[in-house]
Amino acid sequence: MTKLPPRSRKVRILATLGPASDSAEMIRALFVAGADAFRINMSHGAHEDHAKRIATIRALEKEFARPTTILGDLQGPKLRVGTFEKGLAILETGAPFVLDRDETPGDARRVNLPHPEIYAALVPETRLLLDDGKLVLRVKAVANDRIDTIVEVGGTLSNRKGVNVPDVVVPVPALTDKDRRDLSFAISQGCDWIALSFVQRPEDLAEARKLMGGYGALMAKIEKPSAVQRLEEIVELADGVMVARGDLGVELPPQAVPPLQKQIVATARKLGRPVVVATQMLESMIKSPSPTRAEVSDVATAVYDGADAIMLSAETAAGDWPVEAVAMMDSIAHSVERDPGYFGRLHYTETLPDPTTADALAEAAGSIVSVVGASAITCFTSSGSTVRRVARERPSAPILALTPRADTARKLGLTWGVHAVQTKDIGNFEEMIGKARRMALRHHMSKKGGKIVVLAGVPFGTPGSTNVLHVAAIRGDELKGRDEKPTF
């Protein structure tokens, strides 16, 4: 078993796996460099390849005696044009262009668009964005089998490029047949989180929830303007959210994305849901061993805003410098969190507690840490809800989550400030305090003479029953004669 101390930073790092990070050696190197969780991108690769990566990640649990977190990211409904007679066509600005149901290869005047949902949703003067927004069409007339447009921004359009429809809600199902197969695979492989792409409305989450059958946690990717319009409802129904700035930046003006990012992060924090900021965070490190200063500032902003996790995409999946990208993100996060003004900025977002005993105790735990100088908050939890409530308050001390459930420990890998440990359940108050002290020492969360804040629920083992808060002093001899081996 390899010893690796708990991360000293609060924000978590989510690394995407791909061709550049396929080997067991590379996945291990990413973990050691600072990756707390791994994203399996279902848009690319075969199930057998993903299964090998997942097995490698789980092997890290045995080596490091620490839960590892896996997010399975579904592709979602991708809208695309058809093909062109010559493989591509040049659309001239100001020229008319038709999208139709005819499967004949297209040219500079027309192309097939095989998505009846778009025809039903569009109205005149709405926009169609092609190839990640590089080309823009303005709709002039719509029929059941034909859309007449004017090219507002021209350029080269090639086979099967993507189509974005930013101005209306397109009634496409949230899950495609491929997504259903991928979701079934992800659950069978024990993925801890499922990310649902192109969420437009709260109802989009329902089918995924049903297919998950109570297993895992559901993350809503916010990448459509229509999702922002019903943001609070979506966040309420999801277990977590991702600020997916790629498509969000296509469908909205670039300058609209930063304030929306702050709005999404703040909304998720207020509702106590983990929030991940993603896409192009260290984009230049796909080819360069060092990022631009603007990228460093972008990552730092997400950390200052209190995001639970920051994500690397192509940087670790297909880049030339995957380990260096994780190490750089880790270094930026540490630098921000050492800033004396960091916690002041974090608390610009007000997270008012709900009128419950659990929320009152979670808020009190953060205050007690500041007053008595406690070195950690130790939470006994079954479902993880106690830990998420405490993390919502963004306390200055790290959170040690002790749970008998492996799935709970793994899901907490995307929660701010949490070091999760799977351990045997407790039976009474004295056992709780003793275990809290020992675990704080064993995991370097406290030392002799220190104090910890302990949160739990009585009766023990009952989810959602947090009703006990206790401040315990560490004597320093709690580990003598003890050999509590971690479950992993």
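Among contacts in the protein between residues at least 6 apart in sequence, what percentage join residues at least 24 apart? The figure is 68%, where a contact means heavy atoms within 4.5 Å.

Before I continue, a word on the basis of these values. This is a predicted model, in which local features need pLDDT of at least 70 and side-chain atom pairs count only at pLDDT 80 or more, while totals for chains, interfaces and linings use all residues. Residues are numbered from 1 along each chain as its sequence is written, and side-chain values use heavy atoms, with hydrogens and water left out.

Let me turn to the overall architecture. The protein contains 17 helices and 21 strands; these are DSSP runs numbered from the N terminus, with helices being H or I of at least four residues and strands E of at least two. Its radius of gyration is 24 Å, close to the 23 Å given by the globule rule for 488 residues, so the protein is as compact as a globular protein of that length. Here the radius is taken over C-alpha atoms, and the rule is 2.2 Å times the number of residues to the power 0.38. The C-alpha trace spans about 80 × 45 × 45 Å along the principal axes.

Next, the surface and the charges. The protein exposes about 20000 Å², of which carbon and sulfur atoms supply 52%; the areas come from the Shrake-Rupley method with a 1.4 Å probe, and for residues only the protein chains shown count as cover. Of the 488 residues, 56% count as buried, meaning under 20% relative accessible area, with exposed set at over 50% and partly exposed in between (1.4 Å probe, protein chains only). There are 62 positive and 60 negative side chains, and the centres of the two sets lie 6 Å apart. Lys and Arg count as positive and Asp and Glu as negative, without His and the chain ends; each charge is placed at NZ of Lys, CZ of Arg, CG of Asp or CD of Glu.

I now come to individual residues. A309 lies in strand β16, residues 309-312, and is buried, with a relative accessible area of 0%. Leaving aside residues up to four places away in sequence, A309 touches V11, R12, V275, V276, V277 and L414. Q261 lies in helix α9, residues 257-270, and counts as buried at 5% relative accessibility.
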